[in-house]
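Q: Hi! Could you walk me through this one with me?

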Amino acid sequence: MKPDLSIRIAGIDFQNPVTLASGTARYGEEITEHCDLNRLGAIIVKGIALKPTPGNPPPRICETPSGMLNAIGLPNIGVDAFIRDKLPFLRQFNPKVLVNIFGSTVDEYGEVARRFNGVAGVHGLEVNISCPNIKEGGIAFGTDIESTRRVVQIVRKATTLPVLIKLSPNVTDIASFARVCEDEGADGLSVINTLLGMSIDTETWKPRLANVTGGLSGPAIRPVAVRMVWQVYKAVKIPIIGMGGIFTVNDAVEFLLAGASAVAVGTANFINPGVSIEIVEGLEKYMEDKGLNNISELIGAIKN
Amino acid sequence: MRVRIASNSCIKGTYYRIVLEPSFKVNIAPGQFVMLRPATPCNSYDPLLPRPFSIHRVDQSGNIEILYKVVGRVTTILSMIVEGDEVDILGPLGNGFPVNREVVGDNILIIAGGIGAAPIIGLGETLRTNYPDRPIVIILGGRGEADLLCVEDLKKTAAEVIITTNDGSVGIKGYVTDALEEYLSRRCDPGLRTTVYACGPSPMLQKISEITGTRRNIETYFSLEANMACGIGLCMGCAVKRRDRGYYLVCKDGPVFRGDTIVL
Ligand SMILES: Cc1cc2nc3c(=O)[nH]c(=O)nc-3n(C[C@H](O)[C@H](O)[C@H](O)COP(=O)(O)OP(=O)(O)OC[C@H]3O[C@@H](n4cnc5c(N)ncnc54)[C@H](O)[C@@H]3O)c2cc1C
Ligand SMILES: Cc1cc2nc3c(=O)[nH]c(=O)nc-3n(C[C@H](O)[C@H](O)[C@H](O)COP(=O)(O)O)c2cc1C
Ligand code: FES
């Protein structure tokens with residue numbers, strides 16, 4: 001008998017627990033040539049805001065040991081253009097579509113969330129709270145517990161869709177942020193976004209990114225991400241999508257064991273745009289080899 | 001796609017030629033590139049990202065030739081791999097140099113600096129085949145003699161090859177852009193349409209833009225470089241500023257752009 005990879009997360013049925021991380025597959029179009037989208041659990045699209053924004057000047061990315069820094073600056077086509085031009089493409093495929101949303105004020109989060117009510121082909125919202133709060137000095141919403149609370153409250157009120165909050169790792173105690181999200185009615189959590197980092201060229205003495213600082217991703221952050229998933233799993237009851245440096249099936253299993261109900265593949269898509277399908281296939285084989293029937297047998301199954 | 005290395009050897013100094021043996025047929029337009037990542041004998045996460053390299057040419061047996069200069073981590077590793085090792089490639093990617101009738105002028109000028117010579121051989125050959133009656137002038141430059149690649153091949157495709165070196169070891173002492181100014185002011189009929197194709201470091205392209213921007217009847221096409229992670233439009237990391245608003249992605253919208261549509 002084939003193992004059952006399907007899983008219900010935040011009220012959404014995924015055919016398997018493998019998803020594409022926000023910002024690493026845009027709106028799905030470019031990656032289809034290299035990746036059979038129909039075989040994924042979900043696609044989490046690039047961040048969407050109320051109005052179009054151009055993103056940061058170059059250089060936007062640079063490589064670091066076993067990872068990369070990015071300061072793409074959330075270029076986005078705006079909610080209306082997304083619904084009109086990009087969503088019809090995504091609707092053709094099996095996987096669930098989670099729309100990653102962001103704003104520069106609390107109210108903007110609410111407004112973007114509201115626009116997706118009743119929009120066919122959107123199964124849930126993933127709220128990126130790692131961006132700067134313009135009205136309050138540019139501190140990221142997700143690193144301030146009260147800003148986090150207000151964003152979750154306003155999004156919760158604005159939408160009937162399942163809401164996942166994507167936690168920032170740039171905090172001392174991630175469990176307390178997870179609890180606030182759960183208390184305010186979030187249906188799930190994505191853990192983690194990128195770690196704030198920086199790199200300087202020792203020839204030119206200039207920062208390697210035009211934005212000076214950027215978000216670190218890739219295998220370099222995996223142990224931090226696994227630790228945070230585990231801490232959050234112990235702190236709350238709502239399900240977790242785990243991510244951070246997942247490149248192979250074993251990496252994915254590590255996140256499931258730590259407590260994630262699903263995983264997102266991010267930076268690995270840049271090295272091999274078909275890798276997420278290899279992970280789906282690998283998971284099936286892993287479960288067969290271990291004699292597991294249901295993916296839920298792995299979730300939070302760490303022995304300690 | 002994992003491909004076998006047919007050969008890999010030093011051309012001169014820090015410049016190498018690697019020949020890949022793909023198991024599939026490749027059709028390329030000059031100026032297209034591949035994302036390449038060493039896979040054997042050691043496939044590790046450090047270095048992590050693949051790197052973009054122009055396709056120099058595809059030979060009769062369908063092998064892909066790439067010329068590269070050793071500048072950092074991946075190119076150093078590349079220089080050490082040997083026949084029989086494997087690399088992962090994705091491509092051909094991007095839009096090459098446009099060579100259609102609407103674009104190609106009465107005069108054709110191709111400018112390359114250093115490793116920028118890699119993609120222009122194919123461009124020169126295509127233009128010569130398609131427009132045998134139009135003279136092609138190539139300006140090739142480098143720091144010194146050791147930085148001049150493909151001189152003999154270029155001489156076969158062009159009516160004239162003008163060489164510049166910063167140290168004056170061969171050709172005109174100075175930059176390719178000095179030779180360009182000289183050529184435009186003395187020998188290029190402003191009544192005729194001139195198309196300039198260029199590949200090289202960003203300051204070189206900037207200077208070409210300045211020089212040609214003040215003249216009539218010149219259209220430029222630049223092949224740009226950018227830090228890339230994916231090469232296929234996923235990461236949005238390879239931005240270049242558009243003249244009108246926002247950004248293009250070098251990997252997907254380029255790497256070749258009309259000079260007056262971008263800000264370098
Ligand atoms: C579309 C496109 C086509 C290209 N075609 C070719 C080609 O045909 N042949 C080729 O050799 N290169 C080509 N390049 C450049 C090539 O991608 C880089 O040289 C390569 O990424 C360097 O990788 P690395 O790991 O060796 O250097 P890294 O370790 O990434 O960088 C080491 C140092 O070198 C600097 N550096 C990076 N790129 C360059 C560069 N191009 N010149 C000088 N210094 C640099 C970095 O800033 C850094 O300080 C192309 C780039 C693009 C975007
Ligand atoms: C180039 C790039 C762009 C990203 N864009 C977004 C984004 O728009 N919204 C978001 O919430 N996260 C974004 N992320 C974060 C990823 O979704 C993911 O949380 C993070 O990269 C960790 O996973 P990874 O190590 O597998 O990449 C981006 C990451 C990268 C590398
Ligand atoms: S390199 Fe990723 S979008 Fe161009």
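**Helix pair and ligand site**

A: Happy to: in this predicted model, α4(B) and α5(B) are roughly parallel to each other (angles under 35 degrees count as such).

Q: Nice, at what angle do the axes of helix α4 and helix α5 of chain B cross?

A: The axes of α4 (residues 176-187) and α5 (residues 202-213) of chain B cross at roughly 15° and come within 10 Å. Helices here are DSSP runs of H or I, at least four residues.

Q: Left-handed or right-handed crossing for α4(B) past α5(B)?

A: Right-handed, meaning the near helix is turned clockwise from the far one by less than a right angle.

Q: And which residues of α4(B) and α5(B) meet?

A: From α4(B), B:V176, B:T177, B:L180, B:E181 and B:L184; they meet B:M204, B:K207, B:I208, B:I211 and B:T212 of α5(B), with contact taken as heavy atoms within 4.5 Å.

Q: Switching topic: how many residues surround ligand 1?

A: There are 20, the closest being B:P52, B:L67, B:K69, B:V74 and B:T75, counting residues with a heavy atom within 4 Å. Chains A and B both contribute residues, so the site is shared between chains.

Q: Which atom of ligand 1 is 2.8 Å from B:L67?

A: A nitrogen atom, facing a polar backbone atom of B:L67. An oxygen atom of ligand 1 lies 2.7 Å from a backbone N or O atom of B:P52.

Notes. Residues are numbered from 1 along each chain as its sequence is written. Chains are lettered from A and ligands numbered from 1 in the order in which they are written. This is a predicted model: local features need pLDDT of at least 70, side-chain atom pairs count only at pLDDT 80 or more; totals for chains, interfaces and linings use all residues. Side-chain values use heavy atoms; hydrogens and water are left out. Axes are lines fitted to C-alpha atoms, for helices over the stretch in contact, and angles run from 0 to 180 degrees between N-to-C directions. Helices (H or I, at least four residues) and strands (E, at least two) are DSSP runs, numbered from the N terminus. Angles under 35 degrees count as roughly parallel, over 145 as roughly antiparallel, 65 to 115 as roughly perpendicular and the rest as oblique. A polar contact is a pair of N or O atoms within 3.5 Å; within protein, one must be able to donate a hydrogen and the other to accept it, and residues adjacent in sequence count only if both atoms are side-chain atoms.
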